[in-house]
Amino acid sequence: MKKITDSLHWITVTLWVGGLWAIGYIVAPTLFATVDSTTAGTIAGKLFRLIAYVGFACGGYLLLFRIARFGFASLKQGFFWVTVVMLLFTAASYFGIQPVMAALKDQFAQQQIVEEVFRERFRTWHGISSILYLIQSLFGVVLVVLQGRAKF
């Protein structure tokens, strides 16, 4: 059983971090370079929601695995805290930033705000979201490196 959980640990890290990098730095830019920005934004938004769900599931499993394997000693491990930070970033983006951006899109679609005001607010929130995603992606690299050094 130990080998299965160890393997699942590796797979989980790979899925989460690989998904972050693939969607954020390969798929989304390709969408915006290929199709109109409205369609690209809609698809990219759905993909970012999907990777948030993946992040919640993977991050939750990784924390539970660490606690089950190492007990309270897991609280002294960098891997544990990098995972916590990544989960916090996922939650901030999913529950904080994405709803604000969706509300701005809805307001714009209903012509409740002036186009230039919309664009400026949306750019600001998109910039915040992008920075948060970049930091989370870099933490993902740290997670992979720490995973590679782990001795189970």
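1. The largest pocket of the protein holds about 1,200 Å³ of space. The model discussed here is a predicted one. Of the 39 residues lining the largest pocket, Gly41, Met101, Lys105, Phe122 and His126 are the closest to its centre. Two or more lining residues are given by each of helix 1 (2-34), helix 2 (37-70), helix 3 (78-109) and helix 4 (115-149). The largest share of that lining is supplied by helix 3, with twelve residues.

2. Rolling a probe the size of a water molecule over the atoms shows where empty space is left.

3. As to the overall fold, the protein has four helices and zero strands. Read from the N terminus on, the order of elements is α-α-α-α. Along the principal axes, the C-alpha atoms fill a box of roughly 55 × 30 × 20 Å. Of the 152 residues of the protein, 34% count as buried.

4. Phe89 belongs to helix 3 and Phe139 to helix 4, so that the pair links distant parts of the chain, 50 residues apart. Phe139 has a relative accessible area of 28% and is therefore partly exposed, since that class lies between 20% and 50%.

5. A further group of rings should be noted. Trp21, Tyr25, Phe48 and Tyr133 form one aromatic cluster.

6. Which residue lies over the face of Phe79? That residue is Arg66, at 4.0 Å from the ring centre. Arg66 also takes part in a polar contact of 3.0 Å, which joins its side chain to that of Gln77. Gln77 itself lies in the loop between helix 2 and helix 3. With a relative accessible area of 19%, Gln77 counts as buried, because the limit for that class is under 20%.

7. Is Gln147 buried or exposed? Gln147, whose place is in helix 4, is buried, with a relative accessible area of 1%. The side chain of Gln147 makes a polar contact of 2.9 Å with the side chain of His9.

8. Another residue of helix 4 is Ser137. Ser137 has a relative accessible area of 0% and is therefore buried. Between Ser137 and Met86 the separation in sequence is 51 residues, while their C-alpha atoms are 8.4 Å apart in space.

9. In summary, the protein is built of four helices and zero strands, and helix 3 gives the largest share of the lining of the largest pocket. Among the residues discussed, Gln77 is buried at 19% relative accessible area, Gln147 is buried at 1%, and Phe139 is partly exposed at 28%.

Methods:
Residues numbered from 1 in each chain as written. Predicted model: local features only at pLDDT ≥ 70, side-chain atom pairs only at ≥ 80, totals over all residues. Heavy atoms only, no water. 1 Å grid on protein atoms, 1.4 Å probe; cavity = no way out; pocket = protein on both sides within 12 Å on 5 of 7 lines; lining within 4 Å. Points joined across faces, edges and corners; volume = space filled by probe spheres on them. Buried < 20%, exposed > 50% of the residue type's maximum accessible area, 1.4 Å probe, protein only. Phe/Tyr/Trp six-rings, centres within 6.5 Å; stacked < 30°, edge-to-face > 60°. Lys NZ or Arg CZ within 6 Å of the ring centre and 35° of its normal. Polar contact = N/O pair within 3.5 Å; in protein donor to acceptor, adjacent residues only side chain to side chain.
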